[in-house]
Amino acid sequence: MLRTHKLGEADRIVTMLSRQHGKIRAVAKGVRRTASRFGSRLEPFMVADVQLYEGRSLDVITQAETLGAYGALIAEDYASYTAANAMVEAADRLTDAEASLQQYLLLVGALRSLSRREHGAGLTLDSYLLRALSLAGWAPSFQDCSRCGTPGPHTHIVVQLGGVVCDDCAPQGAPRVDADTIALLGALLTGDWEAAEAATETTRGRANGVVAAYTQWHLERGLRSLQHVAHDSDDQKASG
C-alpha cells in the first residue's frame, strides 16, 4: 500500500503497487467506519492479497488479506516512519500501470527490513533509493567514470552525469568527495551491509546528501517526504 485519500464520508482511494499489474488505484468502500472488515489492512506500508471488482473509472476492493503487517511496527519508530514515507513516495513516482516485479520486491523487502530494524533507517532508505533508481534506468557509477568509463577510483561526483567522474570529465568547480563516502555509496548500491554499517555518522551524512541530490535530479520535482526524514544519528540523539 503506497498511499490513501479520503473519498466521501466513509470511503478511501487506495494506491497500491502490485506484483503483476503495476500501480493500481482502487476504492475501498466503508473503510473509515470503525466496523470496517479490512480498513487496517489497507493502510500505507502494509502488504496484502487484494481482490478487486473492475469498475468504470476506479476498481473496487472487495477483499483484503494481510501478507505483511509492517505498518504499525514502522510507525512506532519516527526514523523508520519518515524513511518509509519517502520510499513509498519514490515507488509511486517511479512506477506506472505496467508490471514491475523487481520494483515491487525491492519495496516490500525495504519495508520489511524497516519494520524489523535490521539496519539503520537512513541507510535502508538511501540503499532503497539508489536501487530503485537503478531499476528505473538511472544506475549511478561509484567506481568508473560515469561519462567516459575510465577506471576509478575517482574523487569527483556530479549527479547530473551519473556519479563519479574522472578529472578530465569533471566540470570546473565539481565537488570532490572523500573515498570513505564513495565507498559507502557503493556499498549501499550493492547491499554490502557490513561495510555500510561500519561507516561513521559523518560519512553517512555526506552519502545521504549525494543520494538526495541524485534522487532529486532524476525525479525532477524531488521527493517531498525527504525533507521530513529523520536520519539514524538524529534518531539516536532524540532517544538518548
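A crossing of two helices is right-handed if the near helix is turned clockwise from the far one by less than a right angle. The model shown in these views is predicted.

**View 1. Helix α5 crosses helix α7.**
α5 passes α7 in a right-handed crossing. Helix α7 covers residues 201-219, and its axis lies 9 Å from that of α5. The angle between the two is about 60°. On the α5 side, the contact uses D180, T181, L184 and L185. These meet T203, R204, R206, A207, V210 and V211 in α7. Sorted by class, the contact of α5 with α7 has five nonpolar, two polar and three charged residues.

**View 2. Helix α4 meets helix α5.**
Helix α4 spans residues 121-135, and helix α5 spans residues 179-190. Their axes come within 8 Å and cross at roughly 70°. Angles of 65 to 115 degrees count as roughly perpendicular, so α4 and α5 are roughly perpendicular to each other. The crossing of α4 past α5 is right-handed. From α4, the contact takes in L123, D126, S127, L130, R131 and S134. From α5 come L184, L185, L188, L189 and T190. This contact of α4 with α5 holds six nonpolar, three polar and two charged residues.

L189 belongs to helix α5. Is L189 buried, exposed or partly exposed? Its relative accessible area is 23%, so L189 is partly exposed. Set aside the neighbours within four places in sequence. L189 then touches L130, R131, S134, P140 and F142.

**View 3. Helices α3 and α4 side by side.**
Helix α3 runs over residues 101-116. It packs with α4 at an angle of about 180°, and the axes are 10 Å apart. Angles over 145 degrees count as roughly antiparallel, so that is the term for α3 and α4. Q102, Q103, L106, L107, A110, S113 and L114 form the α3 side of the contact. A121, T124, Y128, R131, A132 and L135 form the α4 side. Eight nonpolar, four polar and one charged residue make up the contact of α3 with α4.

**View 4. R117, in the loop between α3 and α4.**
R117 sits in the loop that links α3 and α4. Its phi is near 55°, a positive value in a residue other than glycine. R117 has 36% relative accessibility, so it counts as partly exposed.

**View 5. F45, in the loop between β3 and β4.**
Strand β3 covers 23-28 and strand β4 covers 47-53, and F45 lies in the loop between them. What is the phi of F45? It is positive, about 80°, although F45 is not a glycine. Buried or exposed? Buried: F45 has 3% relative accessibility.

**View 6. A cis peptide bond at P153.**
G152 and P153 are joined by a cis peptide bond. Its omega is about 10°. P153 is found in the loop between α4 and β6, the strand at 156-158.

**View 7. Cysteines without disulfides.**
How many disulfides does a search of the whole structure find? It finds zero. A disulfide needs a pair of cysteine sulfur atoms within 2.5 Å. For C148, the closest cysteine sulfur is in C145, at 3.6 Å, so it is too far for a bond. For C169, the closest cysteine sulfur is in C166, also 3.6 Å away and too far for a bond. C148 is partly exposed, at 44% relative accessibility. C169 is buried, with a relative accessible area of 13%.

D192 has its place in the loop between α5 and α6, the helix at 193-197. Its relative accessibility is 36%, so D192 counts as partly exposed. From D192 to M1 is 191 residues in sequence. In space the two are 28 Å apart, C-alpha to C-alpha.

Terms used. Residues are numbered from 1 along each chain as its sequence is written. This is a predicted model: local features need pLDDT of at least 70, side-chain atom pairs count only at pLDDT 80 or more; totals for chains, interfaces and linings use all residues. Side-chain values use heavy atoms; hydrogens and water are left out. Buried means under 20% relative accessible area, exposed over 50%, partly exposed in between (1.4 Å probe, protein chains only). Axes are lines fitted to C-alpha atoms, for helices over the stretch in contact, and angles run from 0 to 180 degrees between N-to-C directions. Helices (H or I, at least four residues) and strands (E, at least two) are DSSP runs, numbered from the N terminus. Angles under 35 degrees count as roughly parallel, over 145 as roughly antiparallel, 65 to 115 as roughly perpendicular and the rest as oblique. Contact means heavy atoms within 4.5 Å. Ala, Val, Leu, Ile, Met, Phe, Trp, Tyr, Cys and Pro count as nonpolar, Asp, Glu, Lys and Arg as charged, and the others, Gly among them, as polar.
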